[in-house]
Amino acid sequence: YPNNDGETLYEMALDYFQLLFTNPKQRLPILCLVSWEQKTGKSTLLHFLSSVFQENAVCMDTVKLNNKFNAMLEGKELVLVDEAASIDLNSVDFMKMATTADELPYEPKGKDARRGKCFAKFVLCTNNETGFAPLTSADTRFWVIKVSPFEGAEDTEIEEKMKAEIPAVLH
């Protein structure tokens, strides 16, 4: 998807999140929210998505994403990666494969790998706008969006207010 400004980008983002909830098997691009600026709501959005998807979401850092033991991803629809400052090429390839695969090998620590269903979508947030992952213009499975600070970001109760709106958002 191209990065569009204003209302078009907002509508595309709403469509993306509606598809996550209403059609979990729909293949979607890997969403990357990037900005070196603070108070953009990147982490807050991940917390909100974790609250919406609950057991169907897993939060991790790049260390876990870069790890070969990936059993925590099995059966999850949403893989949320905060502070994704440095994602290696193997992890990029894994995410690209996971966004299109019907099944993946899952490897728990200390056990044999097994194959399982895969319908994971990835949402990455990073302050590293240009070098968080080895991507090229040919990597069309990534939707990179530069986000800006928003008014109200200093509201210390914003996450609780957002969680209170989950029933309305889902409706």
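What covers the buried residues of helix 4?

## Basis of the model

This is a predicted model, in which local features need pLDDT of at least 70 and side-chain atom pairs count only at pLDDT 80 or more, while totals for chains, interfaces and linings use all residues. Residues are numbered from 1 along each chain as its sequence is written, and side-chain values use heavy atoms, with hydrogens and water left out.

## Helix 4 and its cover

The cover over the buried residues of helix 4 includes strand 1, helix 3 (62-65), strand 4, strand 6 and strand 7 (142-146). Helices (H or I, at least four residues) and strands (E, at least two) are DSSP runs, numbered from the N terminus. Buried means under 20% relative accessible area, exposed over 50%, and partly exposed in between (1.4 Å probe, protein chains only).

In helix 4 the buried residues are Ser 91, Val 92, Phe 94, Met 95, Lys 96, Ala 98 and Thr 99. The 12 residues of this helix should span 16 Å at 1.5 Å a residue, and the distance of 17 Å between its end C-alpha atoms agrees; the expected span is 1.5 Å times one less than the number of residues.

## The nonpolar cores

A nonpolar core is a set of buried Ala, Val, Leu, Ile, Met, Phe, Trp, Tyr and Cys residues joined through side-chain atoms within 4.5 Å. The largest one has 25 residues, of which Val 79, Ile 87, Met 95, Phe 122 and Leu 124 touch the most other members. Elements that each supply at least two residues of this core include strand 1 (30-34), strand 3 (78-81) and strand 6 (121-126). Helix 4 gives the largest share, four residues.

A second, separate core of 21 residues includes Leu 9, Leu 78, Leu 80 and Ile 166.

Beyond its neighbours within four places in sequence, Phe 122 is in contact (heavy atoms within 4.5 Å) with residues including Tyr 16, Ile 30, Val 79, Phe 94 and Met 95.

Ser 35 has its place in the loop between strand 1 and helix 2 (42-53). This serine is buried, with a relative accessible area of 0%. Apart from neighbours within four places in sequence, Ser 35 is in contact with residues including Lys 42, Thr 126, Glu 129 and Lys 146.

Among the buried residues of helix 2 are Lys 42, Leu 46, Phe 48 and Phe 53. Just after this helix, Gln 54 takes a positive phi of about 45°.
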